[in-house]
Structures are given as C-alpha cells and as structure tokens.
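Here are some notes on how parts of this chain pack together. Please read them beside the coordinates.

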Amino acid sequence: MAAVAAISSGMSRAAALGVTEDEAGKIRKVVEQTLSQLETARWSWWTTWRVLARYIQPRLGRFFPTANTNNRGARRDQSIVNNTATISSQRFGAGMLSGATSPSRPWFKLRIGDGRGEQDPDAAQWLDEVTNRMMHVFAEGNFYRSVAAMYEALGVFGTAVMLMYEDYEDVVRFYPIATGEYYLANDYRGETGRLYRKFVMTVSEIVERWGEERCSDAVRSAYQNNNLSGEVIVCQAVEPNDDRIPDVPGFKGMPWREVYWEYGSSTTQLLEIKGFQDKPFIASRWNVESNDPYGRSSGMDALGDIIALQTLEKEMAKATQKVNNPPMTASTALRNSPASVVPGQVTWLPPGAETAGFKPAYQINPRIDHYSQNISRHEGRIKSAFYEDLFFAISQMDGVQPRNELELTERKAEKLVMLGPPLQRQHNELLKPAIERTFNTMDRAGLLPPAPKSLHGNHISVEFVSDLARAQKAADGTAIEQVYAFAGRIAAIRPQIMDGLDDDQALADYANVISLPSNIIVSPDKVAAIRQARDQQARQAQQMQTGLAAVQGAQTLSQTDVGGGQNALSRMINGPAQ
C-alpha cells in the first residue's frame with residue numbers, strides 16, 4: 001500500500017491521507033461534533049427501536065456499540081411468548097423481495113425520459129441490453145441478500161440503511177447496516193443527506209483494511225501482540241463534501257466525502273478519507289412524518305397488539321395451569337406423612353383420618369375460548385399491519401399474466417391503496433439509487449455497450465415492472481377494458497361509436513400498464529409505413545379489379561350481334577353501319 005510505504009518512510013499519518021495535520025484535526029473535530037449532535041437527536045427513536053426489537057426481532061439491532069463483549073450469542077427473546085409478529089415481519093421481508101425485486105424475473109427497465117428514443121429499434125435494443133447486464137450484476141453479487149435484510153428492517157423499524165461501494169469482483173458491493181449503528185440527517189429537500197455510524201471492528205479487520213501504520217498506538221500494540229480478535233469502536237461519516245474544489249484530483253474534488261476514525265483515539269488520527277462521485281449509501285424509510293430523518297413502520301403500528309398478545313398468552317397459560325395444577329389444601333393430619341399428587345402414587349392416611357385428603361384451595365372455570373378468540377383478533381391485526389394477506393395473494397398468482405394483476409387489484413384493492421405510498425417511497429429511496437449507482441459504476445468501468453446516437457443528450461429514467469408495481473397500475477388497464485367493452489355493446493346498434501376511440505393510443509397505454517417489453521409494440525412510424533403499404537396494395541387490387549371488369553365487358557359486347565354485320569363493341573366505337 002502506497003500510504004503504508006509513505007508513513008514508514010517518515011511521512012505523517014495525515015499526509016499519507018492527502019491532508020495536513022491541521023486539516024485532519026479540523027475534519028476530526030467537525031465529524032465528532034456532528035456525531036454527538038446526531039446521537040442526541042436520535043435518542044427517542046433509539047428507545048422505540050429497542051422496544052420493537054425486544055418484542056419482534058431481538059437480533060436485528062445493534063444498540064450498544066461496546067467492544068469486547070462476549071454475550072452476543074446469548075438468548076434475547078425472553079419477552080416473546082407468541083411469535084406471530086416475528087413470523088409476520090419475516091414474511092413481510094420475503095413478500096417485499098418477491099413482489100418488488102424478484103430475483104427470478106425483471107422488476108425494472110430503463111426508458112428514455114421523453115419516450116421518443118424507444119421508438120428507435122437501436123435505442124430499444126440498447127436499453128434492453130443494459131437492463132439485462134444490470135440484472136446480471138445484481139444476481140451475481142450480494143444485492144438480493146442485502147435488499148432482503150433492508151425490507152425486514154423496514155417492516156420492523158421503519159428505516160433501513162445500506163452502503164454501496166464499487167467492487168472489483170461484484171462491480172457494486174452492498175453492505176446493510178444494523179439498526180442502532182447509524183445516525184441520519186436530512187438535507188433541505190427532506191432526503192437523507194448525511195450518514196454517521198458507530199460500530200465495532202476487530203484488530204485484524206482494521207489492520208487488514210487500512211494498514212498498521214494508519215492505526216492508533218493501541219491497535220498497533222494489540223496487533224503486534226497477536227491480540228487479533230480484540231475489538232475497537234470505529235466511527236464513519238458519509239456526507240456531502242462542503243469543501244469540494246472542482247477538478248482537483250482525490251477526495252477534495254469529489255461531491256461526497258467519507259471519513260473513518262477510531263473512537264477515542266488521537267484528535268488528529270484518521271483511518272481513511274475517501275471521495276465518491278455518487279452518493280455511496282441508501283437510507284430508505286417506510287413512512288415519514290414531516291421532515292423526520294427516520295421512518296415509521298408496520299411494527300410501530302402493531303406494537304400495541306404485539307405487547308397485548310404477549311400478555312394474553314401469559315394470562316391464558318396461568319389460567320390453564322390453575323385448572324390443571326391448582327393450589328391445594330390438606331388436613332393437618334397429613335403434615336408429617338408422605339403425600340403426593342403425582343398420578344399413580346399412594347398417600348397413606350393415619351387411622352381416623354380417612355376423610356382427610358387433598359382438595360383445591362379454590363376452583364375456577366376460565367373461559368379459555370375467550371382467551372383464544374382475543375388472541376386470534378390480535379394476531380389478525382398484526383398480520384394485517386404487515387400486509388401478510390396481500391403478500392400471500394401475490395405469491396399464489398400463477399404466472400405473470402395481466403389477468404392476475406387485475407384479479408389481485410379487485411381482491412386486494414384496499415390493501416394495494418395502503419401499500420401505494422410506501423412502495424413508491426421504496427422505488428425512490430431504495431431501488432432507484434441502487435440502480436443509478438450500479439449504472440454509473442458500470443459506465444465508468446466500460447461495462448456498458450456504446451449508446452446509439454439517438455440517445456445522446458437524452459435522460460434515462462427507470463420504470464418499475466415488478467408484480468407490486470404492475471398491480472398498482474392494473475386499475476388503469478381495467479378502465480381501458482371497461483371502456484372498450486361498453487363501446488362494443490353500443491357498436492352492435494351504432495357502429496360509428498368506435499370512431500371516438502383511438503385504438504393505437506389505447507394499445508400503447510395498455511402495453512404500458514402491463515409493462516409489455518418495448519420490442520413487442522411496433523413504433524408509430526413503422527405502423528404508418530405498414531398501413532401505407534396496405535392501402536397501396538388495396539388501391540392496386542381495386543384498379544386490377546376495375547380493369548378486369550372492363551375487359552370482361554368489352555368481351556361481352558364484342559360477342560353481341562346487333563345486325564348489319566356489327567357487334568355491340570364495334571357499334572359503340574364506330575357508330576351504326578351506313
């Protein structure tokens with residue numbers, strides 16, 4: 001490593017990173033102040049996340065970044081008696097993965113912003129090829145594993161964060177961050193503009209990534225003493241590079257800046273300063289209130305039911321125990337005699353105490369069925385909060401025909417309406433940034449084919465064509481079908497009614513609703529050429545038919561004798577014989 005060699009030759013740690021000691025100290029002071037402010041602002045969210053983790057997914061969060069703790073494998077689900085919420089949150093994550101980003105079929109396609117480029121066959125072919133290459137990158141890397149973790153975190157906590165780094169093997173490598181490790185701040189547009197993080201790394205991981213010479217004296221000592229599994233708290237800051245100098249090489253000329261440092265180390269010590277052309281992280285929220293940097297979740301909506309469900313399960317267990325193993329009373333004559341309530345055992349009674357024995361201190365008749373009914377109601381509301389019925393309906397659809405999306409819309413219309421805004425947010429905050437980052441990385445690496453001239457100067461946009469996205473648009477397809485069905489019934493009486501419908505536009509709109517591949521629909525120019533050729537053929541056929549009728553008429557006239565040695569044809573041409 002060049003930085004290691006530079007430091008070994010006497011260069012300071014800061015100089016090896018491309019900054020002076022004063023600049024390193026200034027950066028360190030700014031990022032630590034910002035981290036402290038973000039910790040304070042996040043406190044109320046942090047306390048809620050801990051409750052959610054306690055009752056839904058105890059192992060999803062990392063709420064105490066403490067080094068050298070040996071209890072991370074300890075059991076954490078002591079508060080969970082009924083695991084309905086745990087299973088529902090897992091199904092939520094699986095349902096979102098299958099419905100929004102299925103690894104087995106296309107879930108997005110690239111389009112030209114104004115739509116005109118797609119009328120060019122070369123442009124359409126290029127867009128399809130780029131989409132296929134990007135889908136291959138996602139499938140061969142860790143995108144789907146990472147986004148699955150993001151969906152599950154969104155269902156429980158309402159916020160999910162993931163880093164995106166360029167990678168030599170995977171093109172782009174994704175790194176989900178555990179809830180509790182990250183701190184977020186919005187920019188003026190209400191989008192997440194800053195990511196800070198506090199997490200734990202081992203000594204060997206730190207040295208392997210940044211080199212021994214960049215580390216603090218404590219880490220270097222631990223490494224030299226072979227304490228490789230010792231842990232250190234590391235901090236990270238990813239934010240816009242406010243000190244950017246355009247056209248300057250290195251991180252100083254990049255729009256985004258990333259800083260790593262050891263928590264509690266020297267005030268000028270930095271592990272790394274790095275720049276990025278694109279935003280290198282994703283911070284997605286399920287639902288957002290006003291300008292909050294963190295989101296609301298299905299878990300938050302169902303938290304009351306989840307806690308009540310645990311209480312009801314415990315109360316029903318107590319009631320069942322009191323019936324099966326009630327508190328007992330016994331005669332004092334049995335005080336010093338062996339006694340047992342175990343089935344098959346004998347309790348010997350002294351003479352004169354034949355009527356003595358055991359009996360329940362009190363008898364109850366709990367309505368277990370009432371407990372079960374209340375539990376079922378809470379379970380139903382929890383499942384509904386996590387959209388379990390909707391995701392089951394999607395998973396049970398046969399194939400991807402438009403009919404199924406329309407059926408899903410009819411059967412689950414209310415759920416689809418409720419899912420609409422959060423799904424749109426995932427398109428904008430989770431999936432579109434991942435697609436754009438991957439596209440830009442592949443473009444810089446020369447992994448995309450040359451674009452045709454018709455695309456030069458055009459903006460490329462993303463259209464989502466997943467099962468959920470199509471189901472959201474399927475209502476438009478239903479409207480088109482209903483209009484044509486209505487017009488068809490009237491056309492039986494008044495055919496001219498069909499003149500009021502633009503068939504070409506209806507076909508294009510319907511194809512867009514069902515996300516039909518662009519190479520199936522013929523471009524308007526080609527359609528016009530086909531129709532012109534058809535009209536020309538029809539005119540030629542008509543001319544030939546007219547000519548044939550004239551020949552046949554002339555033949556008939558020539559065979560018609562009108563007297564005077566003339567036929568009808570000669571008489572028409574030469575007039576009557578003189």
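1. In this predicted model, helix α3 (residues 21-55) packs against helix α10 (residues 303-324), their axes coming within 11 Å and crossing at roughly 45°. The crossing of α3 and α10 is left-handed.

2. Which residues make the contact between α3 and α10? From α3 come Val51, Leu52 and Tyr55; from α10 come Leu303, Ile306, Ile307 and Gln310. By class, the residues of this contact are six nonpolar, one polar and no charged.

3. Three strands form an open sheet in the order β3-β2-β9, and their pairing is antiparallel. The edge strands, β3 (171-177) and β9 (281-285), each pair on one side only. On average, neighbouring strands of this sheet are turned by 25° against each other, with direction ignored.

4. How many bridges join β2 and β3? Strand β2 (residues 159-167) pairs with β3 over seven bridges, in the antiparallel sense. As for individual positions, glutamate 166 stands opposite valine 172 in β3.

5. The sheet also has a helix lying across it: α6 (residues 143-157) lies across β2, β3 and β9. The direction of α6 is at about 160° to β2.

Conventions. Residues are numbered from 1 along each chain as its sequence is written. This is a predicted model: local features need pLDDT of at least 70, side-chain atom pairs count only at pLDDT 80 or more; totals for chains, interfaces and linings use all residues. Side-chain values use heavy atoms; hydrogens and water are left out. Axes are lines fitted to C-alpha atoms, for helices over the stretch in contact, and angles run from 0 to 180 degrees between N-to-C directions. Helices (H or I, at least four residues) and strands (E, at least two) are DSSP runs, numbered from the N terminus. A crossing is left-handed if the near helix is turned anticlockwise from the far one by less than a right angle, and right-handed if clockwise. Contact means heavy atoms within 4.5 Å. Ala, Val, Leu, Ile, Met, Phe, Trp, Tyr, Cys and Pro count as nonpolar, Asp, Glu, Lys and Arg as charged, and the others, Gly among them, as polar. Two strands pair if DSSP finds at least two bridges between them.
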